[in-house]
Amino acid sequence: MEQRRREPGRARGCLVGCVVVVLLWSVAAAQLRYSISEEVNEGTVVGNIAKDLGLDKSTLRDRKYRIVSSGANPLFHVNQNDGVLYVSRKIDREEVCAQSSTCLLNLKTVLENPLEVHYIRVEVLDINDHSPVFQDKETILEISESVLPGARFQLKASRDPDSGHFSVQQYKISDNDHFRLEVKDKGGDGKIPILIIRKSLDRETAASHSLVLTALDGGKPPKSGEMNIQINVLDINDNAPVFTKDVYSVMLDENAPVGTTVIQVNATDLDEGSNGDVVYSFSKSMNQNILNIFDINPSTGEITVTGLLDYEEKDKYEIEIQVSDKGFAPLTTEKSVIIQIVDVNDNAPEIEVTSFSNSIPEDSRPGTTVALISVHDVDSGLNGKVICSIGEDVPFTLSPSLQDKMYSLVTKSPLDRERQSHYDLTITAKDAGQPPLSSEKTISVVVSDVNDNSPEFSLSPYTFYVTEGNNPGASVFSVKASDADENENARISYHILRGGSEDNKLTSFLNINSENGDIVALKSFDFETLKTFQFHVVASDSGTPSLSSNVTVNVFILDQNDNAPVILYPLSSNGSAEGVEEIPRNVNAGHLVTKVRAYDADIGYNGWLLFSLQEVTDHSLFALDRYTGQIRTLRSFTETDEAEHKLLVLVKDNGNVSLSATATVIVKVVEPKEAFAASDVKTSAKVDEDDNVTFYLMITLGSVSVLFLISIIVLIAMQCSKSTDYTSKYLQETNYDGTLCHSIQYRSGDKRYMLVGPRMSIGSTIVPGSHANTLVLPDRRRTSEEVQYI
């Protein structure tokens with residue numbers, strides 16, 4: 001393309017100097033002829049038509065001077081101003097004139113007013129702007145190796161669109177030993193290349209040849225085109241098949257499955273196609289027995305097993321193999337294959353259980369025989385030597401017997417049905433072959449139950465809190481025990497252990513359901529007579545022999561408000577709560593008139609007494625302390641005040657349903673002299689009365705103290721004899737400040753309880769649901785406490 005650009009440039013440079021103008025005149029019309037090289041640029045001047053025809057340039061536009069053309073894209077155009085003929089677009093001579101030797105283009109120009117027609121011929125001159133081109137870039141020839149030297153093969157000629165000496169002028173071929181090139185000139189049809197064999201071909205030496213054919217035109221410098229020639233040499237059957245090995249020998253295991261590849265023989269033939277294709281077969285002289293055991297693939301030469309191989313029957317085979325090609329006259333070669341049979345470990349051991357007991361008691365001693373096992377392997381030598389084993393994570397083992405290949409399955413450690421009641425034992429038998437073969441057998445052993453577990457209570461000891469006044473015959477609490485055994489050995493019955501002790505005497509008022517452990521109270525409990533007691537429950541299973549266990553049950557009776565207050569003072573000789581007090585008229589305000597004393601057998605809020613004036617003749621004279629029962633004067637007496645006053649004092653406890661009692665105090669106001677005389681008379685009687693009250697109080701305090709000491713001793717003994725911390729402590733204390741009150745402290749687990757009288761400890765709280773009987777004492781050892789009420 002670069003050459004083509006340069007040549008139009010040179011043509012355009014010499015265009016003006018070398019344009020040959022031929023002007024022909026005639027009477028009717030005139031004809032001009034110009035020449036121009038192809039591929040000149042657009043706008044190149046071809047010639048001055050107006051000048052050459054002698055036309056007036058000033059009239060060309062008015063007369064519409066133009067070129068008449070039927071094409072949509074004309075090659076030339078004329079300038080109406082000066083009458084010069086120009087090139088409209090690049091001209092390709094080979095496109096407009098094909099293979100013509102001379103390329104002439106006829107143009108017709110027209111002038112109007114008057115009408116004039118002028119014919120112009122433009123000759124397009126050829127330049128060497130095309131290279132020779134082969135129709136195919138590559139051609140393939142197939143030539144038999146039997147073709148003799150001198151054979152001729154015509155090749156496809158090259159084409160060059162250029163004409164004359166710019167067309168194809170000669171051919172040449174790449175250097176080689178077997179071929180030469182000859183060119184035949186066919187005149188107008190061009191030159192034809194012919195390939196000639198000058199040396200015999202041998203496909204086995206060279207199966208193909210690659211040549212390059214080059215076509216050259218007459219340009220200076222010449223342009224060229226190439227075509228690759230692939231020559232394939234066709235085969236003839238001139239070579240016999242040859243095996244790749246001189247000796248074929250193989251080792252084959254006995255009992256190799258049908259289809260097993262024994263060996264693959266391989267033969268090659270230097271020929272190709274059917275002459276090089278080989279077919280394998282057994283020799284016709286082969287024994288029929290061998291043909292029943294082995295087979296050969298005709299295409300691949302693979303020898304496979306088709307029958308049963310037995311080392312003990314025959315340990316060696318020699319097979320004759322022949323291979324032939326598929327030529328018109330087949331060529332054949334034979335070879336022997338030696339097959340050596342190898343004895344292998346092809347039989348797995350067999351396990352047989354000759355004696356077996358599928359159930360064994362859990363109390364069986366180590367070494368108890370469960371089953372007898374025999375193993376057998378039909379192989380010989382190491383292949384028939386068998387080792388038997390069982391898993392390590394089971395309480396069983398295999399013990400070899402005196403007889404060969406016999407084992408005993410025995411227990412190696414104690415059994416416990418409660419931990420595992422069933423074993424699936426896998427026995428493995430492995431021979432000593434290479435590779436070893438093994439077999440497995442699984443037997444199931446059930447561990448039967450024996451009565452070796454005593455019933456166990458869910459708690460020990462049990463602690464229950466029962467409110468006094470319970471309904472006789474109703475269930476008050478229950479105990480529960482479980483047994484790890486099964487069936488009859490786990491069936492539990494309950495009974496209460498009864499004896500001659502004081503606590504056990506109370507068990508006569510208790511009854512227990514032997515099946516579910518529910519305990520029924522046959523009578524109602526009274527806190528004032530019984531605050532706590534203890535008994536034992538025995539749980540027995542139904543095994544043989546029966547096993548049992550017992551548990552201690554601690555019962556605490558909780559108080560209810562079932563006792564009304566009792567007036568201790570004033571108390572008349574007939575037992576009524578009435579009394580007469582005489583005071584001088586001249587006493588000051590705040591004078592202690594008397595003190596009402598009362599007692600409540602209940603404890604806690606139920607025993608906390610409050611005093612109030614139910615009736616009084618003059619509210620401005622007397623006041624009653626609601627906690628101590630002291631009656632004092634509020635002011636001094638006047639002359640107008642009556643001499644006798646009646647005070648009705650109401651004493652009630654703090655139970656949910658309060659109980660109360662009343663006392664009547666008659667206060668007589670006397671003159672001071674009379675008061676002193678009366679006081680001397682009363683002193684002796686009052687001293688006797690006070691002595692009686694003091695005596696009763698001392699007896700009460702002594703009883704409480706003795707009960708306190710006994711409770712402490714019992715609780716210490718219980719705590720020392722039991723490992724659990726379900727212990728209880730009792731602390732009784734008696735406060736006497738006009739009212740006899742009780743307080744009991746006790747502990748259950750991590751919780752402390754207190755039943756209190758009138759004066760509660762600071763920081764104590766009332767337990768909800770306790771009927772105002774129970775307070776929880778803050779434990780200094782813990783940051784929080786949880787109170788439970790049963």
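Predicted model: local features only at pLDDT ≥ 70, side-chain atom pairs only at ≥ 80, totals over all residues.

Modeller: Residues are numbered from 1 along each chain as its sequence is written, and side-chain values use heavy atoms, with hydrogens and water left out.

Colleague: In which order do the strands of the open sheet of three strands lie?

Modeller: Strands are DSSP runs (E, at least two residues) numbered from the N terminus, and two of them pair if DSSP finds at least two bridges between them. E12 and E13 (residues 191-197) pair in the antiparallel sense over seven bridges. Strands E10 (152-154) and E12 (179-185) each pair on one side only, as edge strands. The order is E10-E13-E12.

Colleague: Which residue in E13 stands opposite Arg180?

Modeller: The strand E13 covers residues 191-197. Opposite Arg180 stands Ile196.

Colleague: What is omega for the cis peptide bond that joins Ser460 and Pro461?

Modeller: Pro461 lies in the loop between strand E33 (456-457) and strand E34 (462-467). For this cis bond, omega is about -5°.

Colleague: Is Asn487 buried or exposed?

Modeller: Asn487 is not a glycine, yet its phi is positive, about 55°. The residue sits in the loop between strand E36 (481-482) and strand E37 (492-497). Buried means under 20% relative accessible area, exposed over 50%, and partly exposed in between (1.4 Å probe, protein chains only). With a relative accessible area of 61%, Asn487 is exposed.

Colleague: What is the relative accessibility of Asn255?

Modeller: Asn255, also not a glycine, has a positive phi of about 60°. Asn255 counts as partly exposed, and its relative accessibility is 32%.

Note on methods:
Helix = DSSP H or I, 4+ residues; strand = E, 2+ residues; numbered from the N terminus.
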